[in-house]
Amino acid sequence: MKIVVCDDDRVFADKLIRDMQSIIARNESFCDMIIRCEYIYPPEALLSYAENTYIDILFLDISMPEIDGMKIAQSFYDLHPETLIIFITNYKEYVFYSLRFNPFRYLRKTNLNDELEEALTSAVKNLLSSDKYITLINRNDCTQISVHRVIYIEKQKATNYIKILCINEEYRDRRGIKELIADLDPSLFIRINVGTVINIKHIHSIREDHVVMSNKECLPIAKKYYTELKTKYIKFMRERERFSE
């Protein structure tokens, strides 16, 4: 699980990360989890990082001197609407406007000691209860992958393996592609040819004969799947726009 802090106050951010690490270390429910906390600033660096790396929880300062935190929240929400955003603020007037980004919590800097543990614990539990995973089994190895990280799933012609390409990671599985995607949301995972299923959230653009994914890779679209893909993608984008209004 990846947690990122974006705040112009490096001293405060370092304290926030130390406090989170302390909470994680003493919380028994986190003992089997790998939770990484990282500081990223300036905001432009955060957005560049998020283009290739999925962030589970983002602690974002609303008021930063170089750029409005709300503009960063909008850009980040467009990239990863599933990420839980916890706004860091001492300014109540920002709260109403920030509701459009579906924030998980507000953390007041002056009340960090009182509010952080509840916010962090609730965020992690929320992710564990709402996230869906693909379980990969290869011999004695078992791996769980969050579906949000999956860009596409593809049958490898030269081998008996299925390739699961994720953000910054690639996995293989011996099961058939139909079995692998059986429990996935059909409105999000769409077949574009006989051997390829893509995650609609990672589409960059659609052309007549191929789709460009978020990693800039071009994948061929079979004619029989084009209409369904385009229809579902338009519906997905309209719903995303409606939730961000």
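This is a predicted model: local features need pLDDT of at least 70, side-chain atom pairs count only at pLDDT 80 or more; totals for chains, interfaces and linings use all residues.

Trainee: How do the axes of H2 and H3 cross?

Mentor: The two axes, those of H2 and H3, come within 10 Å and cross at roughly 5°. Since angles under 35 degrees count as roughly parallel, H2 and H3 are therefore roughly parallel to each other.

Trainee: Which residues of H2 are buried?

Mentor: The general idea first: an α-helix has 3.6 residues a turn, so residues three or four places apart point the same way. In H2 the buried residues are Pro43, Leu46, Leu47 and Ala50. Because these residues cover an arc of only 95° around the axis, they are on the same side of H2. What the buried residues of H2 pack against is E1, E3 and H3.

Trainee: In what order do the strands of the sheet lie?

Mentor: The sheet is open and is formed by 5 strands in the order E2-E1-E3-E4-E5, with parallel pairing. Its edge strands are E2 (36-39) and E5 (105-108), each of which pairs on one side only. From one strand to the next, the twist averages 20°.

Trainee: How many bridges join E1 to E3?

Mentor: Strand E1 (residues 2-6) and strand E3 (residues 57-61) run parallel and are joined by 4 bridges. Helix H3 (residues 69-79), in turn, lies across E3 and strand E4 (84-89), running at about 155° to E3.

Trainee: Which residues have the most contacts inside the largest nonpolar core?

Mentor: Again the general idea first: in soluble globular proteins, nonpolar side chains tend to be buried together. Here the largest nonpolar core has 34 residues, and those with the most contacts inside it are Ile153, Ile164, Ile198, Ile203 and Val211. Apart from that core lies another, of 28 residues, among them Cys37, Leu112, Leu116 and Ala123.

Trainee: With which residues is Ile164 in contact, leaving aside its neighbours within four places in sequence?

Mentor: With those neighbours left aside, the contacts of Ile164 include Leu136, Ile145, Val150, Tyr152, Ile153 and Leu180, and also Glu169, Glu170, Tyr171, Arg172 and Asp173.

Technical notes. Residues are numbered from 1 along each chain as its sequence is written. Side-chain values use heavy atoms; hydrogens and water are left out. Two strands pair if DSSP finds at least two bridges between them. Helices (H or I, at least four residues) and strands (E, at least two) are DSSP runs, numbered from the N terminus. Axes are lines fitted to C-alpha atoms, for helices over the stretch in contact, and angles run from 0 to 180 degrees between N-to-C directions. Contact means heavy atoms within 4.5 Å. Buried means under 20% relative accessible area, exposed over 50%, partly exposed in between (1.4 Å probe, protein chains only). The arc is that of the directions from the helix axis to the C-beta atoms. A nonpolar core is a set of buried Ala, Val, Leu, Ile, Met, Phe, Trp, Tyr and Cys residues joined through side-chain atoms within 4.5 Å. Angles under 35 degrees count as roughly parallel, over 145 as roughly antiparallel, 65 to 115 as roughly perpendicular and the rest as oblique.
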